[in-house]
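Here is a short briefing to keep beside your viewer. Have a look at the model below, and then we can go through it together.

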Amino acid sequence: MVNWSVLKRTVMSAANSKVVQPKWINPAQCSERTQAPVLKLYNSLTRSKEVFAPSSGTKTVSWYSCGPTVYDASHMGHARNYVSIDINRRLIQNYFGYDIQFVQNVTDIDDKIIIRARHNYLFEEFVKQNDSETPLNESDEIVKKANDATISYINKNLADVLGSSQESVNTFLVAAEKVNHEEAKLKDPKFPMHMTSVQNAISALSNVSKLPRRKFFDGVKDVLVPVLDKELGSTINDPEIFRKLPAYWEKQYDSDMAALNVIPPNVTTRVSEYVPEIVSFVEDIINNGYAYATNDGSVYFDTVRFDQNEKHDYAKCQPWNKGKLDLINDGEGSLSNFDNNGKKSANDFALWKGSKPGEPAWDSPWGKGRPGWHIECSVMASDILGSNIDIHSGGIDLAFPHHDNELAQSEAKFDNKQWINYFLHTGHLHIEGQKMSKSLKNFITIQEALQKYTPRQLRLAFASVPWNNQLDFKESLIHEVKSFETSMNNFFANVRAHYNDYKSSLEDDSIIVSKKLTNLEKDLLEEFKKSQEKVHAAFCDNLSTGQALKTLSDLVTTTNTYITNSGKDLKIEPVISICKYITKILDIVGFPGRPDGLGWVAQASSVSSGSESANQISGSIEEIAMPYVKCLSTFRDSVRSMAIAKAQPQEFLKLTDTVRDNDLLNLNVSLDDRNGQSALVKFLTQHEKDEIIKLNAEKKQREEEKLKKKLEQQKIKEAKEKERQEKAKVSPLEMFKDTTLYSAWDEQGLPTKDKDGNDITKSMTKKLKKQWEQQKKLYEEFNGPLSS
């Protein structure tokens with residue numbers, strides 16, 4: 001019986017006792033837990049990799065990037081810089097999850113722009129005034145002017161290399177022959193460019209009567225525009241002339257960046273729209289004691305005063321370049337006043353430049369003028385992002401003096417210790433081991449590059465090398481890029497084909513697809529996990545995309561091996577997970593992924609073929625389906641006709657090969673035959689289809705050459721056989737019965753005496769006996785036993 005009294009006391013005791021929660025082990029405090037890598041960036045301000053920590057203490061990041069000076073076409077150096085910065089931005093934002101306010105400027109006020117705009121305008125006006133259908137001759141004043149301009153150009157730009165000034169084109173040609181071009185290039189990097197300009201002018205002058213005027217003018221343009229500028233440059237005062245050129249090239253730059261899939265800035269600033277703010281900024285620097293005005297209406301930054309202040313340091317990015325006047329003067333611009341400019345120190349740089357005739361000008365407390373180059377970025381960046389910015393990026397060629405001057409004038413304005421926390425400088429770009437130069441004929445604009453390479457190939461090339469290292473753009477690098485691209489394309493197509501195959505099997509109720517993982521799948525998932533950790537470690541290590549891409553490539557190889565080894569027992573789920581992960585990482589780096597996550601978006605070839613890939617066709621159901629239905633209908637008709645004609649089995653196999661290798665391939669569909677399984681169906685991009693057609697054509701050519709060689713060998717064999725048959729008609733008993741050689745024979749027909757009656761020597765007899773034996777064997781092969 002139940003003792004209700006005892007039970008009641010037990011229940012009450014349990015109710016009154018305190019319930020203790022079982023102990024939980026915090027995985028973050030586990031002793032076996034490895035330290036996870038953290039994001040580190042190479043910071044030019046320390047020349048080392050530093051842990052990235054936004055000043056906000058949150059996920060908000062401020063970032064200013066130096067934009068283009070828009071006066072000419074963007075080139076491959078620009079592409080390397082802006083695509084590399086774009087990759088870094090995407091990783092920090094989309095992989096590490098930071099919220100970035102990304103500001104980039106457009107420099108549309110600059111000495112290069114002023115000079116180029118003025119030169120272009122003056123040259124076009126000169127051409128308009130002197131254009132005519134009438135050919136020029138050597139006595140025309142225009143030709144004489146071009147000749148004098150050529151001599152002037154030579155003496156200004158090549159006299160040091162030639163050793164003296166030149167009086168005529170002929171004396172120049174004689175002097176130029178003695179010049180060692182390689183040594184001259186080392187002495188003056190612009191030597192090849194100047195030589196090209198002079199050679200073009202001399203060619204035009206030499207053929208003046210044969211050339212249309214416009215071609216003549218184009219030939220002498222480089223040597224003529226400095227003369228036109230000297231004569232008329234100071235008369236140019238229409239602001240529209242100086243706006244037109246940068247406005248055009250800014251649009252071209254935006255178009256180039258869109259083609260390269262570079263994300264636009266969150267905020268774009270344009271110098272010409274910031275002049276009042278620049279004037280105010282300069283005033284603040286003067287009031288803080290770090291700048292001074294000069295008599296010509298310019299304002300200079302006082303580098304000595306700034307550097308002497310214990311709170312400040314000048315030239316933080318490249319302190320070893322401090323005082324290098326060639327770099328300082330280059331940064332000041334060619335229109336600067338380098339003589340009697342009132343500067344306290346040669347190291348001082350212009351914050352505001354007093355404008356001379358022929359230059360754009362704005363009002364300021366110091367008179368008509370325009371901004372210095374360096375101050376522009378400081379003002380625009382600070383206006384949007386404030387007195388302390390997390391990241392500043394740009395090309396390494398801007399580190400000194402541009403970025404160092406930016407830092408100095410901004411810290412002088414805000415009177416703080418640190419305006420930028422992390423300076424990210426992208427490395428130089430070389431072409432086949434050499435600096436890019438028009439004179440070396442390796443100067444490649446972005447548009448020219450896109451005629452030869454796809455945006456994806458260019459991005460892969462830039463991503464394969466650390467962003468802060470020098471990149472040598474050469475054929476071996478492109479070969480590696482194309483190999484990686486092909487490997488990825490094949491992998492994605494293969495995975496999609498297997499996935500479609502798997503989905504088709506699910507529609508068959510009689511098939512139960514096993515999902516249980518074997519050791520093959522478990523090993524694959526373990527490799528997948530290791531690859532994810534390697535990719536994360538690579539990205540943490542200064543955004544090392546090259547190492548991450550190598551890891552992805554290795555993961556593809558591992559997965560391909562699994563697919564091959566698993567055969568018909570393949571488990572699709574781990575493969576799909578890996579494919580989607582690879583696609584996600586590539587998408588983050590800037591290679592757009594498909595909506596289904598199974599590979600990157602198909603990209604057209606750099607040279608348009610005029611046809612669309614299978615997954616890019618759009619239209620009605622009838623338009624999409626008709627080519628495939630027509631293919632099936634034609635195949636059915638052929639099978640039916642062959643069956644009625646009682647064709648041999650091999651004819652049917654030949655027909656299926658034709659459908660696979662021609663009909664379906666033309667529809668961007670590939671069939672991979674598999675032993676004991678249905679064919680694997682793959683949808684191809686246009687590029688993949690072209691590659692297969694190329695491989696098939698090469699295979700067919702090899703087979704035809706092999707068949708041709710076989711037929712030739714057969715023909716030779718038949719000729720030899722016919723020759724043997726003819727030779728076999730001769731009995732060995734008769735083969736030596738030639739009275740012009742011999743006069744006596746034995747019973748076997750072997751010669752015993754020569755034509756003169758002399759005995760045949762033993763050695764000759766031995767030789768003749770060997771020939772007789774060979775003929776006897778041949779004769780009996782075709783005629784039976786020899787009868788004596």
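Let's begin with a turn: strand 15 and strand 16 form a hairpin with two residues between them, and Gly-676 in that turn has a positive phi of about 70 degrees. Strands here are DSSP runs (E, at least two residues), helices are runs of H or I with at least four residues, and both are numbered from the N terminus. This is a predicted model, in which local features need pLDDT of at least 70 and side-chain atom pairs count only at pLDDT 80 or more, while totals for chains, interfaces and linings use all residues. Residues are numbered from 1 along each chain as its sequence is written, and side-chain values use heavy atoms, with hydrogens and water left out.

**The hairpin**
- Strand 15 covers residues 669–674 and strand 16 covers residues 677–683; they pair in the antiparallel sense over five bridges.
- Two strands are said to pair if DSSP finds at least two bridges between them.
- Arg-674 stands opposite Gln-677 in strand 16.

- Three strands make up an open sheet with the order 13-12-14 and mixed pairing.
- Strand 13 (434–435) and strand 14 (471–473) are at the edges with a single partner strand each, so one side of each has no neighbour in the sheet.
- Strand 12 (residues 429–431) and strand 13 pair in the antiparallel sense over two bridges.
- Within that pairing, Ile-431 has Gln-434 of strand 13 as its bridge partner.

**Backbone points to check**
- Phe-400 and Pro-401 are joined by a cis peptide bond, with omega about 5 degrees; Pro-401 sits in helix 15 (residues 399–414).
- Asn-542 is not a glycine, yet has a positive phi of about 60 degrees. This residue lies in the loop between helix 19 (519–540) and helix 20 (545–566).
- Lys-646, also not a glycine, has a positive phi of about 55 degrees. Its loop runs between helix 22 and helix 23 (649–666).

**Exposure of single residues**
- Buried means under 20% relative accessible area, exposed means over 50%, and partly exposed is in between (1.4 Å probe, protein chains only).
- Is Asn-542 buried or exposed? At 5% relative accessibility, Asn-542 counts as buried.
- Lys-646 counts as exposed, at 70% relative accessibility.
- Ile-624, in helix 22 (residues 621–644), is partly exposed with a relative accessible area of 38%.
- Ile-624 and Thr-445 are 179 residues apart in sequence and 39 Å apart in space, C-alpha to C-alpha.

**The chain as a whole**
- The protein chain has 25 helices and 18 strands.
- Its radius of gyration is 41 Å, well over the 28 Å that the globule rule gives for 788 residues, so the chain is more spread out than a compact globule. The radius is taken over C-alpha atoms, and the rule is 2.2 Å times the number of residues to the power 0.38.
- Along the principal axes, the C-alpha atoms fill a box of roughly 135 × 130 × 65 Å.
- Of the 788 residues, 42% count as buried.
- Among contacts (heavy atoms within 4.5 Å) with a separation of 6 or more, 71% come from residues 24 or more positions apart.
- The accessible surface comes to about 44000 Å², with 51% belonging to carbon and sulfur atoms; areas come from the Shrake-Rupley method with a 1.4 Å probe, and for residues only the protein chains shown count as cover.
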